[in-house]
Amino acid sequence: MTHIATAASGLVVPPGAGRTLTASAQQVTFKVTGEHSAVSSTFEVVVPAGFDVGAHAHAHSEELFYVLEGELTVLAFEPRVRTPDSWREWESLSGRQAVRATPGTIIQVPPGCPHAFANTTGEPARMILQSSPPPAHERYFEELLDILTSDAPPAERDTAIAALRVRYDIDQITPLRHTPPH
């Protein structure tokens, strides 16, 4: 059961609670929303095998990721060169490269910082995503899932997703991909 926060109380969201949006490339459960917090939105995200969010940046949003289960390849830095097709070989001026994030890993992403995650294993990964300020990421996930589950032709979906990203402060640097293992 979810309890709504008031000025005199907090919010307790038990395991399995929250509104869940599901598509083949993503499952997002809303845990804390702009309705509950003026500071951030918090989501539980299941990242399926073969999913790559693509490198992207937010000019105004700050994000924090916490890996709960599984493994992800992640990065959070400005590369020497932003290659448009893949971020996995990027390197920062100080020599940083993408790393393997295992349970307990936190990735903090300030506004303007390119970041990415991919699940290159054969098993799903699970993480907490916190985005500030709310509710932009909530609306983005809702609209993205509507597009991904629509019957629109792929080219029309791609155009709609590109417009959605512009509306919600997402500078997509490399493509989002989902290639499930066979």
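Over how many bridges do strand β3 and β11 pair, and in which sense? The legends below work through this predicted model one close-up at a time.

**View 1. β3 meets β11.** Here's the answer: β3, residues 41–47, pairs with β11 over 7 bridges, in the antiparallel sense. To get your bearings, look for T42, which stands opposite Q130 in β11.

**View 2. β6 pairs with β11.** Residues 62–69 make up β6, and residues 125–132 make up β11. These two strands run antiparallel and pair over 7 bridges. A handy landmark is F65, whose bridge partner in β11 is L129.

**View 3. The two faces of β11.** In a regular strand, side chains alternate between the two faces of the sheet. Along β11, A125, M127, L129 and S131 point to one face and are buried.

**View 4. The open sheet of 6 strands.** Read across it and the order is β1-β2-β3-β11-β6-β9, with antiparallel pairing. The edges belong to β1 (19–23) and β9 (106–109); each has a single partner strand, so one side of each is left without a neighbour in the sheet. From one strand to the next, the twist averages 20 degrees.

Technical notes: Residues are numbered from 1 along each chain as its sequence is written. This is a predicted model: local features need pLDDT of at least 70, side-chain atom pairs count only at pLDDT 80 or more; totals for chains, interfaces and linings use all residues. Side-chain values use heavy atoms; hydrogens and water are left out. Two strands pair if DSSP finds at least two bridges between them. Helices (H or I, at least four residues) and strands (E, at least two) are DSSP runs, numbered from the N terminus. Axes are lines fitted to C-alpha atoms, for helices over the stretch in contact, and angles run from 0 to 180 degrees between N-to-C directions. Buried means under 20% relative accessible area, exposed over 50%, partly exposed in between (1.4 Å probe, protein chains only).
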